[in-house]
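Hi,

Here is the model I promised to pass on.

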Amino acid sequence: DAKRQGRNTWQWYCGDSIDNIAEHVIIRRELQEAIQENQFEAYYQPIVDASTGCVRSVETLIRWHHPNKGLVSPGVFMPIAEQTGQIIAIGRWVLERACHDIAQLNATREDPLVVAVNISPMQFRRSGFMDEIKEALRNSGLPPSLLELEVTEGTLMSNTEQAVALLNEVRDLGISVALDDFGTGFSSLSYLRDLPISKVKLDRLFISGISRNVKNAAIVQGVITMAHHLELSVVAEGIETKEEQVDLQQRHCNLLQGFYFSKPVPFDVLKYLPPILTPL
Ligand code: C2E
Ligand code: MG
Ligand code: MG
Ligand code: MG
């Protein structure tokens with residue numbers, strides 16, 4: 001970990017160091033293999049209703065079973081896949097997998113789960129994106145109302161007019177959209193006002209240690225109040241403690257997600273998670 005930290009510091013000062021470029025080239029080649037040989041796995045993290053603890057939805061989070069590095073997290077390879085365009089193939093795979101898995105799980109449940117899928121900027125901008133979504137729904141039989149797309153402010157920023165048109169199309173299909181990592185990008189409040197979204201996800205940055213940080217608490221309370229006036233629901237990401245859970249409940253946050261309830265788990269584990277995650 002110290003070594004990694006050191007390397008990050010190096011990158012910070014030197015930009016594209018030789019090390020960085022070499023690693024980049026290797027990961028790019030390995031990703032090609034990963035795509036061909038199906039080394040990815042979809043993990044799912046439950047999101048619970050803040051007032052009941054019932055699992056309402058799950059967020060799909062990709063993992064890479066690297067042949068010798070073990071489990072690699074998306075923070076390492078997704079930025080590279082985004083640069084190389086490999087995200088297109090990977091993103092399509094995730095969408096298909098997630099719809100398929102949750103449609104299958106829902107066949108055994110009374111209350112169907114919503115499945116959230118992260119959408120990268122390049123994926124979102126590509127012309128075939130809507131067709132990809134429709135196909136994933138058709139192939140899996142998942143109703144559109146049970147699919148949610150998570151997009152970040154950065155994804156919407158580059159071409160706002162086009163983004164709005166696309167989001168409208170998505171909504172017309174009955175699919176919902178959540179604004180991810182809210183507050184960490186170059187946010188504009190007009191996004192909240194103008195975009196056809198239904199949810200805001202508050203980044204962990206503002207949640208962790210909220211009861212000891214009055215500034216974070218002010219931001220979180222402000223966003224929740226504003227979102228509710230705009231008829232948006234709010235998800236708090238990164239709940240790790242009972243204290244954080246209680247704090248967010250008292251602020252009437254709608255949904256909670258974090259290690260305190262469950263880490264992201266493989267599909268085979270998700271199947272056996274209890275429907276209510278914590279006695280509240
Ligand atoms: P994100 O969409 O904001 O996902 C939430 C991240 O926070 C996940 O990291 C999750 O494991 C982590 N997390 C959840 N609860 C807690 C907690 O209580 N404590 C801590 N410390 N962390 C928590 P992960 O799985 O490493 O994913 C990182 C990012 O990679 C995601 O951030 C998302 O931007 C991206 N990503 C993951 N899967 C996909 C994917 O299938 N497609 C795309 N385009 N991006 C993905
Ligand atoms: Mg997300
Ligand atoms: Mg997020
Ligand atoms: Mg985040």
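This is a predicted model: local features need pLDDT of at least 70, side-chain atom pairs count only at pLDDT 80 or more; totals for chains, interfaces and linings use all residues.

Residues are numbered from 1 along each chain as its sequence is written, chains are lettered from A and ligands numbered from 1 in the order written, and side-chain values use heavy atoms, leaving out hydrogens and water.

Helix α4 (residues 87–106) packs on helix α6 (residues 129–140) at about 30°, with the axes 9 Å apart. That makes the two roughly parallel (angles under 35 degrees). On the α4 side, R92, L95, E96, C99, H100 and A103 meet α6 residues including I133, A136 and L137 (contact being heavy atoms within 4.5 Å).

Then there's the largest nonpolar core, with 77 residues (a set of buried Ala, Val, Leu, Ile, Met, Phe, Trp, Tyr and Cys joined through side-chain atoms within 4.5 Å; buried is under 20% relative accessible area, with a 1.4 Å probe and protein chains only). Its largest share, 10 residues, comes from α4. I102, L147 and L248 have the most contacts inside this core. Beyond four places in sequence, I102 is in contact with Y44, V58, L113, V115, L142, F267 and L270.

Last, T155 in helix α7 (residues 153–157): T155 is buried, at 1% relative accessible area. Leaving out residues up to four places away, T155 touches I119, S120, P121 and F124.

Cheers

Note on methods:
Axes are lines fitted to C-alpha atoms, for helices over the stretch in contact, and angles run from 0 to 180 degrees between N-to-C directions. Helices (H or I, at least four residues) and strands (E, at least two) are DSSP runs, numbered from the N terminus. Angles under 35 degrees count as roughly parallel, over 145 as roughly antiparallel, 65 to 115 as roughly perpendicular and the rest as oblique. Buried means under 20% relative accessible area, exposed over 50%, partly exposed in between (1.4 Å probe, protein chains only).
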